[in-house]
Amino acid sequence: MSELIGLAFAAFVVENIVLTQFLGICPFLGVSKKRSSALGMGIAVVFVIVLSSTITWLLYHFILDVLAITYMRTIVFILVIAALVQMVEIFLKKVSPALYKALGIYLPLITTNCAVLGVAIININEGHDFAQMLVYSTFISLGFLFVMYIFAMIREKLDFSPVPKAFKGTPIALIVAAILAMIFARFGGII
Amino acid sequence: MNKLDNFLKGFLKENPLFVSVLGMCPSLAITTSLENALGMGAAVFFVLTLSNFIISLIMSNKKLAELVKPVRIPVYIVVIASLVTIVEMVMHAFLINLYESLGVFIPLIVVNCIILGRAEAFASENKPLDSVLDGMGMALGYTGALVIISLVREILGQGSITIWGNLAIDLGFAFDFLKIQPLDMFTKPVGAFMSFGFILATIFAISNHKANKKAKEVKGQ
């Protein structure tokens, strides 16, 4: 149990997916201009990462590994993710129109979010068992949501700050991300 | 648009990394040494050139194009993922060191926005030869951008340039001469975000300056 708590903490802050592993930078910079959209994107990502990691883990261990075709991993995983995102979209539209309205526009963007495929592959590479996989993918995606929300709050304030012309937009966002990364790097000393 | 333009536009005018700001994740993660940047560039070159070629072959056949159109994104993804799998297997077999240092970012070439972006924006509407030239130009432009970032990070962070394997230039003497030391920070994530931010700002400043100059000239006339 304590091992799982350690893994959860590591996934949440120490090995934060955006700031130390550089996965999911595109939505991190692209959809973080407003707090509400950052929250929507973050929640959609948590949902999809946990679901897709579970399915790809099961597929890898019970089908690909058994048939000894593990080299098909990349193709199978990306197709599963693309199909899954589509299905989640259809499902949400039917079952919960309110939730669909909130998350709908972010869902198609998630297919090409490298965090989703990245987490699925990391789970396999690190040899996580089922419980570890579940904890890791939950907390790493919550880490994404957390950092994304903080970043969106900073960027809302940034709009009113006198930023040099050349730094407007992406450059200043990257510098802010660098400062955030500096803070998160310090968490490494805790465990 | 002529063939040379198709090839050259990826270098500066439509550079995928510095102008369109696509494919950020690997550009931040693997630019810790020149060797990694070159390896990543080579992988992207292979995948992008061939995927552009195959996709434009599919789409320039009228019958096939009609068939594929409604499901074109999954088709593109399958083509790209197959090519990436080839790269992954070749690297694993022959370049094990590079394979290990690039790690998860080799399979992640599949979701690199540049490749799918070029497939959708260029290869699906142009002839195979043009698409190949476009893919090569874009991939070389991307590699060039990776090389610039990795040079900044490796020189400032480690005081050396690793060209390939053991072939490296040690810049320790320059640091001794200036009585400074390489800053470890630049090999860490902080340095990645920081150097990319400053490089991008420099490029924006240059293009702003050029745009201003042009505007003035137009006014003057």
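The following legends describe close-up views of a predicted model.

In this predicted model, local features need pLDDT of at least 70 and side-chain atom pairs count only at pLDDT 80 or more, whereas totals for chains, interfaces and linings use all residues. Residues are numbered from 1 along each chain as its sequence is written, and chains are lettered from A and ligands numbered from 1 in the order in which they are written.

**View 1. The side of chain A that touches chain B.** Contact (C-beta atoms, placed from the backbone, within 7 Å) links 31 residues of chain A with 33 residues of chain B. At least two residues of this side come from each of helix 2 (25–30), helix 4 (73–95), helix 7 (114–125) and helix 9 (170–186) of chain A. Helices (H or I, at least four residues) and strands (E, at least two) are DSSP runs, numbered from the N terminus. Helix 9 of chain A contributes the most, with nine residues.

**View 2. The elements of chain B.** Chain B contains ten helices and two strands, in the order α-α-α-α-α-α-α-α-β-β-α-α from the N terminus on. Its C-alpha atoms fill a box of roughly 70 × 60 × 25 Å, taken along the principal axes.

**View 3. The hairpin of strand 1 and strand 2 of chain B.** Strand 1 (residues 160–164) and strand 2 (residues 167–170) of chain B run antiparallel and are joined by four bridges; strands pair if DSSP finds at least two bridges between them. B:Ile161 has B:Ile169 in strand 2 as its bridge partner. Two residues lie between the strands, and B:Gly165 in this hairpin takes a positive phi near 60°.

Definitions and conventions
Two residues are in contact if their C-beta atoms, placed from the backbone, lie within 7 Å.
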